[in-house]
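Please look over the structure below.

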Amino acid sequence: MIIRFAILPLFLALNLSMCKKEGNVSSSSQQASASSPTPVATPVAAASPKITKPVVDQTAQVLIFCYHRLVDKIRYPGTEITPAAFEAQMKELKDRGITVISMQDLLAWKRGEKNIPPRSAVVTFDDGWKSQYEVAWPIMKKFGYPFTMFIYTEGVRGGSLGGGEAITWEQLADMRDNGVDIEAHSATHQDLREGHMIMLAGSGGKRTRTKLTGPPYEQWIQNEVVGSKQLLEQRLGIKVNCFAVPFGNYNEHVKEIARKSGYEAMFTVYGQPITFTSPLDSIGRYAIEANKPKVFEDAVKMIATSTGGGSAVAEVGAKDLSTQPADGETVRTALPLIKANLSPIGAIEPGSVQLRVSGLGVVPANYDPKSGTVSYQVTQKLHEKSCGVIISAKSQGKKVEAHWTFGIEEGATAATSPIPTPKK
């Protein structure tokens, strides 16, 4: 009890001291306020601006074209086109009202960050030939068109595959300085799938043909996909976010490595109009070659007659449809059975089912409404190392589409993709 009474005076004294201090502070504040001609404003944090994404046209469609060499005299019609034919095609895009946009604008649209015209096109060049610098670039300048270069690094002049017809690092730097988009196309331009025959450069320039599996393959593909990206970025001081797969051959493992390497988009060579929902890891391009003159015209006709954007299309993943062959799979026959199960989509309008096969076009596929299965037995030998398939149908009034690519075992076709040779 004595302790409690002893503490009480101390507590009251402490309380009184604190009150005096508060009073002094309050009094000082009032005096400052009275003597000041203008009131002191209390700082208020500025409201953060509200950032909103633009409303993009999700019904727009994009054609992506792939070119290689431009030469006056065609010797290799599978990879060449004349300058006159190329210029005529660029003019046709303009005449038909198709806007050529940059690759980065395409990706910004896909991210929902930027709008693009309803009918657009992207122009790309593969490999890195000097004719792309000397011939194609002046034509593109004439029309004011942006474009993208997909470079395989050993094919640049001075590399193990870069001869006199190859582009140089200095020319690439000149293009970079003038706004040309430069992206990756592997190191040596070969089939990237494990177990496929490739050519390895040895000592003294000797090249050996072999198959790689296991750790040696993993080391090799890292250089092809990751090493080529790093070399382009280091030599040119650029950011590389796109990867074009050599020959269009890939599988899930190749896609996974590309994704982990920081590539935003991966491109193949089987073209179809790109929509807002098209997957970024298998974007198809129309390969323009002298021996296939209808490819460009057929591609342009698909969107050139539209006055607005293309019809809205719902993309469905090939995995959801249990496709046969599966996306990225390699088959041993040039006459495969192509199948897909459309039942996961829902009610399908039977007459709307359409199946397209690269190199064949629309084929007479069979559709079974009970099982939801669409199938087609290929009867004409497929002559490419990769085959693209597009299935489209209508469900509840909406167009639904799925596309995938499968490989064909080397030796199963009459014409196989050649092993890259030095640019002589």
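## Helix H6 against helix H7

In this predicted model, helices H6 and H7 cross in the right-handed sense. H6 covers residues 214-236 and H7 covers residues 252-260. Their axes come within 10 Å and cross at roughly 55°. Angles of 65 to 115 degrees would count as roughly perpendicular, and those under 35 as roughly parallel. H6 and H7 are therefore oblique to each other.

Which residues make the contact? H6 supplies Tyr 217, Glu 218, Ile 221, Gln 222, Val 225 and Val 226. H7 supplies His 253, Val 254, Ile 257 and Ala 258. By class, seven residues of this contact are nonpolar, two are polar and one is charged.

## Strand S16 and its two partners

Strand S16 spans residues 354-357, and its side chains alternate. Leu 355 and Val 357 point to one face and are buried.

S16 pairs with two strands, S20 and S17. Strand S20 (residues 386-395) runs antiparallel to S16, with four bridges between them. Strand S17 (residues 361-363) is also antiparallel to S16, joined by three bridges. Arg 356 takes part on both sides: it stands opposite Ile 390 in S20, and its bridge partner in S17 is Val 362.

S16 and S17 form a hairpin. Three residues lie between the two strands. In the turn, Gly 359 has a positive phi of about 90°.

## The sheet S15-S19-S18

Sheet strands pair through backbone hydrogen bonds, in either a parallel or an antiparallel sense. Here, three strands form an open sheet in the order S15-S19-S18, with antiparallel pairing. Strand S15 (337-341) and strand S18 (366-368) stand at the edges. Each has a single partner strand, so one side of each is left without a neighbour in the sheet. From one strand to the next, the twist averages 15°.

How many bridges join S15 to S19? There are five, and strand S19 covers residues 373-377. Ile 338 stands opposite Tyr 376 in S19.

## The chain as a whole

The protein chain holds eight helices and 21 strands. Of its 424 residues, 46% are buried. Among contacts with a separation of 6 or more, 68% come from residues 24 or more positions apart.

How values were computed:
Residues numbered from 1 in each chain as written. Predicted model: local features only at pLDDT ≥ 70, side-chain atom pairs only at ≥ 80, totals over all residues. Heavy atoms only, no water. Axes fitted to C-alpha atoms, helices over the stretch in contact; angles between N-to-C directions. Parallel < 35°, antiparallel > 145°, perpendicular 65-115°, else oblique. Left-handed = near helix turned anticlockwise from the far one by under 90°. Contact = heavy atoms within 4.5 Å. Nonpolar A, V, L, I, M, F, W, Y, C, P; charged D, E, K, R; others polar. Buried < 20%, exposed > 50% of the residue type's maximum accessible area, 1.4 Å probe, protein only. Pairing = 2+ DSSP bridges.
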